[in-house]
Amino acid sequence: MMPQQSDELAAVRSVIAQMIAPDAERIDRTSAFPDAAIRALGEAGAGGLLMPVEYGGQARPTREYAEAMELISAACGATATVYMTQMHCAHPINLAGTAQQAGKWIPALCSGAAIGAIALTESEAGSDVAAMRTVAARHDDHYIINGSKIFISNGDVADVIVLFATVDPALGKEGITAFLVATENLPGFDAGRPMKKLGQKGASTVELTFTDCHIPAEWRLGEEGAGYPLLLRSVLNSRISASAQGVGFAQGAFDATVRHLMGDGLLSAQRRDAQDLQFDLARIRSEIAAGRALVRAVCDLVDAEAPQAAVEVSVAKLHCTALGVRVADECIALLGDNGDRCDLGTERRLRDAKITEIYDGTNQVQSMLIAREIRIDAAAVQ
């Protein structure tokens, strides 16, 4: 018997069928921001799967959020990235925000009434967050922020940004502090023009600049110096998002390829000459299923707060994002002369998938984290 589908996932599937999938090609072609789809997901009750019910969320298990991410990614990479960035913004607010901060922003993010962003990466502080140089200097009842952030999803359209800055660069990670920055009519804040990208074109990515930007002290998220632990807790969810995207892009590329091959009659049982092609598809389907199972197992570890959860999230991120790229690439090869046709959608999944190996901690960084755990485990058994 198939497990019963939750109302939230049924709502996600409905929005995908009615709005997201039919609009995916246009979004990719025009780089249009998918704000209507984000509002539709919110109105359908699927905009805050991980958030508490009292703040407009659905308080669902992380594996259900990952499944929603996979489904949306299979249809439209840009929409998936905007959707997950909403969650990435809401998550640290839920973890460290005051009741007033959470009550103001989380319901708006869940419903799609507000667009959120999270600003961490700098040109000299990507993987090494201790090298962060965006400074928030305290002056009486406010902070003055100076610095810049790069590659910020939703940054140009965000109503609220979870900003990580340092109160003193000499303190390293001990100085990192989080802030909730409301962007409307904020002097000293500037968002650059969206970057031209290989894929996920409708999910805007920009540079943010803070020049003597004054914000109230009450916008601080948690205590001074508490930003680094909050960051570590936040990236668990963001790396799960990227892992689920990898599976989704693989599934989307596979589905698009199968549809075209079915139309050409190449999957007929009578086509003995196409058996090698069918064997390749069988293998790819099995690999996607294995990736999906890995993501859901890791989600359960995160929800159980298991000690090994962080490294297993890195394993899932490394494996599943590479899976998305590899499967999309293989599917293009299986399509032969038709592989680069934009109307089939397979080449779009390959372009959308590539960035997942880079953001939320590059796959090289994930390899370093996994290797460190291997050394720890080996030392423990000697």
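Helices (H or I, at least four residues) and strands (E, at least two) are DSSP runs, numbered from the N terminus. The structure described here is a predicted model, in which local features need pLDDT of at least 70 and side-chain atom pairs count only at pLDDT 80 or more, whereas totals for chains, interfaces and linings use all residues. Residues are numbered from 1 along each chain as its sequence is written, and side-chain values use heavy atoms, with hydrogens and water left out.

The account begins with a loop. Y359 lies between α9 (346–354) and α10 (363–380). With a relative accessible area of 17%, Y359 is buried; here buried means under 20% relative accessible area, exposed over 50%, and partly exposed in between (1.4 Å probe, protein chains only). Leaving aside its neighbours within four places in sequence, Y359 is in contact with T81, M84, Q200, A242, Q245 and K317, where contact means heavy atoms within 4.5 Å. G222 is 137 residues from Y359 in sequence, and their C-alpha atoms are 25 Å apart in space. The loop between α9 and α10 also holds D360, which counts as partly exposed at 22% relative accessibility. The phi of D360 is near 55°, a positive value in a residue other than glycine.

A positive phi is also found in F151, about 55°, although F151 is not a glycine. F151 belongs to strand β3 (residues 142–153) and is exposed, its relative accessible area being 52%.

The interior of the model can be described through its cores. A nonpolar core is a set of buried Ala, Val, Leu, Ile, Met, Phe, Trp, Tyr and Cys residues joined through side-chain atoms within 4.5 Å. The largest has 83 residues, and those with the most contacts inside it are V12, I20, Y65, I72, Y83, I93 and F164. Helix α6 (residues 227–263) gives the most to this core, with 11 residues. Apart from this core lies another, of 20 residues, among them A117, F179, V181 and F189. Beyond its neighbours within four places in sequence, Y83 is in contact with I38, L41, A46, G47, L49, Y65, A68, M69 and I72.

Helix α6 has 37 residues and reaches 53 Å from its first C-alpha to its last, close to the 54 Å expected at 1.5 Å a residue; the expected span is 1.5 Å times one less than the number of residues in the helix. Of the 37 residues in α6, 27 are buried, and the helix is thus mostly covered. G265 follows α6 and has a positive phi, near 75°.

Helix α3 (residues 62–75) includes T62. This helix, of 14 residues, is mostly covered, with 13 of them buried. From its first C-alpha to its last, α3 reaches 20 Å, close to the 20 Å expected. T62 is buried, with a relative accessible area of 5%. Its contacts, apart from neighbours within four places in sequence, are L50, I240, C299 and D303.

Helix α5 (residues 99–111) has 13 residues and spans 18 Å between its first and last C-alpha atoms, close to the 18 Å expected. Its buried residues are Q101, A102, W105, I106, A108, L109 and C110. What covers these buried residues includes α2 (35–43), α4, β1 (116–119), β4 (160–166), β5 (176–182) and β8 (220–221). Just after α5, G112 takes a positive phi of about 90°.

Helix α8 contains C320, which is buried, with a relative accessible area of 0%. Leaving aside neighbours within four places in sequence, C320 is in contact with S243, G246, V247, G291, L294 and V295. The C-alpha atoms of C320 and A136 are separated by 36 Å, the two residues being 184 residues apart along the chain.

The final feature is a pocket. On a 1 Å grid over the protein atoms alone, a pocket is an open set of points where a 1.4 Å probe fits, with protein on both sides within 12 Å along at least five of seven lines, and lining residues have an atom within 4 Å of a point. About 440 Å³ of space lies in the second largest pocket, a volume being the space filled by probe spheres set on the grid points. Of the 18 residues that line this pocket, the closest to its centre are H91, N237, V302, D303 and E305. Two or more lining residues come from each of α4 (77–96), α6, α7 (275–303) and α8 (309–335).
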